[in-house]
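Subject: Structure handover

Hello,

Here is the structure for you to take over.

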Amino acid sequence: MADDQTTVETTEQFALRLTTTVSSGFVTLAVAIGVRTGLFVKLGEQDGPRTSAQIAEAAGMKERYVREWLAVMVTARIVEYDREQRTYFLPPHRRDVLKSTQMPEFMRLLAGVATDVADCFKLDGPEGVPYSAYPEFQAWQADIRKQMVETNLVSKFVPMVPGLKESLESGIRVHDAGCGRGITTLILAQHFPNSTFVGTDLDRDAVQWAATESNRLGLVNTTFQVQDVAKLPADWSDSFDYVLAWDAIHDQADPEGVLRELYRTLKCNGLFSMIDIRSHTELADNLDNPAAPMLYGASLLHCMPVSLYFGGRGLGNMWGQELAVSMLQETKFTNIRFLDVPDSPANIHFLCQKL
């Protein structure tokens, strides 16, 4: 397919396609600014077209910056523009999409490490990029996780796992591996007070944030600790009824070791939910996925280099379901099933069991 396209595509056509791609990158950064500054919210509050001066005044911002940003949005066909009145309007059907989009903000965060990643390409360059190079990542991930699970974790996700809701209500022990700021654990702990939850992550600041938030909420059934999930405490063997790893395995330096540790610490007949990116291991099988360039890009600029920094395998977030299943099977997990993740088509839920 790629060979056929190369044969029929002219130099001019490719140049136009590349220009469009680069242009989209600038639009993405401008969208991130709109999300970050709240300009999309202000545009959504309009009851009709407004001038750039009116929009800037309502937002409490400088008109010249707002006008240039609006020019990007208009030429990208995101905001409508009336030439005669010189007014701008954001159609209602676009507002909800822009309100919930988080990937442009992620691109903005990753753009800051592009030079660091480029240095890693050199034979004598660094192996990878440390987590410290992404100071805003945990906050962004917590926001997107909260947006993803706040309204459907208990009502949709939990009921999809056979018997989990009843077990959580009765009282079980749960491990959230690679928990970040612990958003998933905090939500579950509030809804299921009879169960106890342990969240682990290497990021000390993220763990401290989760612990502080747990205290603020008055939760007594959560514990958060800084922990390498590839080296869990020896006395944790067969101690958890349910283990959850949400977008965490592919970043690990030793993903096989992590899976072995999660298997060891899971009770017999216990369940393991591994949520990860929906993709295929073979590159060619991802060509028809319109989000593939974005996902591979996020992997190149974050997931892969942070793993390689620790001397890891550098799986990347597009490691694919075929490799994921193979690794789960090698770890001796059984009854592996593919489930959808509610309201998150980019993710896939691998549900499996320890027998």
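This is a predicted model: local features need pLDDT of at least 70, side-chain atom pairs count only at pLDDT 80 or more; totals for chains, interfaces and linings use all residues.

Residues are numbered from 1 along each chain as its sequence is written, and side-chain values use heavy atoms, with hydrogens and water left out.

Nonpolar cores

A nonpolar core here is a set of buried Ala, Val, Leu, Ile, Met, Phe, Trp, Tyr and Cys residues joined through side-chain atoms within 4.5 Å. Buried means under 20% relative accessible area, exposed over 50%, and partly exposed in between (1.4 Å probe, protein chains only). The largest nonpolar core has 31 residues, and Phe157, Leu168, Tyr242 and Trp246 touch the most other members. Elements giving two or more residues to this core include helix 9 (137-149), helix 12 (183-191), strand 6 (240-246) and strand 7 (266-277). Helices (H or I, at least four residues) and strands (E, at least two) are DSSP runs, numbered from the N terminus. Helix 12 supplies the largest share of this core, five residues. Apart from this core lies another, of 27 residues, with Leu232, Trp236, Leu328 and Phe333 among them.

Helix 12 is itself mostly covered, with seven of its nine residues buried. Those are Ile183, Thr184, Thr185, Leu186, Ile187, Leu188 and Ala189.

Tyr242 has contacts (heavy atoms within 4.5 Å) that include Phe157, Leu164, Arg173, His175 and Leu271, leaving out residues up to four places away in sequence.

The cavity

How many cavities of 30 Å³ or more does a search of the whole structure find? The search finds one. A cavity is a set of points, on a 1 Å grid over the protein atoms alone, where a 1.4 Å probe fits but cannot get out; lining residues have an atom within 4 Å of a point. The largest cavity holds about 60 Å³ of space, a volume being the space filled by probe spheres set on the points, with grid points joined across faces, edges and corners. Its lining includes Gln138, Arg145, Cys179, Arg181 and Ile183. Helix 9 gives the most to this lining, with four residues.

Strands 3 and 4

Strand 3 (residues 173-177) is largely enclosed by the rest of the structure, because four of its five residues are buried. Strand 3 runs parallel to strand 4 (residues 196-201), and five bridges join them; two strands pair if DSSP finds at least two bridges between them.

Single residues

Gln46 sits in the loop between helix 3 (39-45) and helix 4 (52-59). Gln46 is buried, at a relative accessible area of 10%. Beyond its neighbours within four places in sequence, Gln46 is in contact with Ile55, Tyr88, Phe89 and Arg95.

Arg95 belongs to helix 6 (residues 92-100) and counts as buried at 18% relative accessibility. Besides Gln46, Arg95 touches Leu43, Gly44, Phe89 and Leu90, not counting residues up to four places away in sequence.

Phe26, in helix 2 (residues 11-37), counts as exposed at 59% relative accessibility. Phe26 and Ala76 are 50 residues apart in sequence, and their C-alpha atoms are 9.9 Å apart in space.

Regards

Definitions and conventions:
On a 1 Å grid over the protein atoms alone, a cavity is a set of points where a 1.4 Å probe fits but cannot get out, and a pocket is an open set with protein on both sides within 12 Å along at least five of seven lines; lining residues have an atom within 4 Å of a point.
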